[in-house]
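Student: I would like to learn how to read a protein model. Where do we begin?

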Amino acid sequence: MRKQDLFTHVLDYFQRTMDATETELDYGTTFQLLTAVVLSAQCTDKRINMVTPALWRDFPDAATMAATTPEVIYEYIKSVSYPNNKAKHLVGLAQGLMDRFGGEVPSTLEELTSLPGVGRKTANVVQAVAFHKAALAVDTHVSA
């Protein structure tokens with residue numbers, strides 16, 4: 001069986017037998033989901049849900065986050081794992097959204113992974129949760 005055939009078979013099975021894809025991350029917009037998933041790498045959803053309300057209060061969208069610095073973002077996220085790198089990624093991600101996508105979160109794997117800090121797992125989570133696409137994102141955040 002080819003990889004693509006196996007992938008399609010597995011996705012078909014899950015679509016028939018599992019509930020809709022959800023996340024324990026709290027978010028209100030696709031931008032907030034994307035930033036929360038970036039922050040969740042090597043960290044618990046519980047911790048992310050503790051830091052994001054203040055972050056999004058002051059930086060609710062790509063435009064406001066793109067206009068700040070990693071040093072400012074760091075102060076909001078310093079209790080998460082790897083805050084220095086994640087602060088740089090969030091500002092770069094927001095700038096990429098503004099420069100290339102009009103401030104909107106793109107829906108394709110290729111476009112999502114072109115953004116700083118967005119790997120395949122993050123892109124797949126956003127595709128599955130925000131855009132209801134068939135995407136597999138399996139890590140410690142997944143439970144049955």
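Predicted model: local features only at pLDDT ≥ 70, side-chain atom pairs only at ≥ 80, totals over all residues.

Tutor: We begin with a definition: contact means heavy atoms within 4.5 Å. A second one is burial: a residue is buried under 20% relative accessible area, exposed over 50%, and partly exposed in between (1.4 Å probe, protein chains only). Helices (H or I, at least four residues) and strands (E, at least two) are DSSP runs, numbered from the N terminus.

Student: How many helices and strands does the protein chain have?

Tutor: The protein chain has eight helices and zero strands. Along the sequence the pattern reads α-α-α-α-α-α-α-α. Of its 144 residues, 39% count as buried. Among contacts with a separation of 6 or more, 54% join residues 24 or more positions apart.

Student: How many residues of α2 are buried?

Tutor: Ten of the eleven residues of α2 are buried, so this helix is mostly covered. The buried ones are Phe31, Gln32, Leu33, Leu34, Thr35, Ala36, Val37, Val38, Leu39 and Ser40.

Student: How many residues of α8 are buried?

Tutor: α8 is also mostly covered, with eight of its eleven residues buried. They are Thr122, Ala123, Asn124, Val125, Val126, Gln127, Ala128 and Val129. What covers them includes α2 and α7.

Student: What is a nonpolar core?

Tutor: A nonpolar core is a set of buried Ala, Val, Leu, Ile, Met, Phe, Trp, Tyr and Cys residues joined through side-chain atoms within 4.5 Å. In soluble globular proteins, nonpolar side chains tend to be buried together. Here the largest such core has 35 residues, and those with the most contacts inside it are Leu34, Leu55, Met65, Ile73, Leu93, Leu97 and Val118. Elements giving two or more residues to this core include α2 (30-40), α3 (45-58) and α6 (83-101). The largest share, seven residues, comes from α2.

Student: Which residues does Leu93 touch?

Tutor: Not counting residues up to four places away in sequence, Leu93 touches Phe31, Leu34, Thr35, Val38, Leu115, Pro116 and Val118.

Student: How do I describe two helices that pack together?

Tutor: Use their axes, which are lines fitted to C-alpha atoms, for helices over the stretch in contact; angles run from 0 to 180 degrees between N-to-C directions. Angles under 35 degrees count as roughly parallel, over 145 as roughly antiparallel, 65 to 115 as roughly perpendicular and the rest as oblique. α2 and α6 pack at about 150 degrees with their axes 10 Å apart. That angle is why α2 is roughly antiparallel to α6. The contact is made by Phe31, Leu34, Thr35, Val38, Leu39 and Ser40 of α2 and Lys86, Leu90, Leu93 and Leu97 of α6.

Student: What is the angle between α2 and α3?

Tutor: The axes of α2 and α3 cross at roughly 135 degrees and come within 10 Å. That makes α2 oblique to α3. In this contact, Gln32, Thr35, Ala36, Leu39 and Ser40 of α2 meet Asp45, Ile48, Thr52, Leu55 and Trp56 of α3.

Student: Which angle do α5 and α6 form?

Tutor: α5 and α6 cross at roughly 125 degrees, and their axes come within 8 Å. α5 is therefore oblique to α6.

Student: What should I look for in the backbone angle phi?

Tutor: Most residues other than glycine have a negative phi, and most peptide bonds are trans. Look then for positive values. Tyr82 has a phi near 55 degrees and is found in the loop between α5 and α6. α2 is followed by Gln42, whose phi is positive, near 60 degrees. Just after α8, His132 takes a positive phi of about 55 degrees.

Student: Is His132 buried or exposed?

Tutor: His132 counts as exposed because its relative accessibility is 67%.

Terms used
Residues numbered from 1 in each chain as written. Heavy atoms only, no water.
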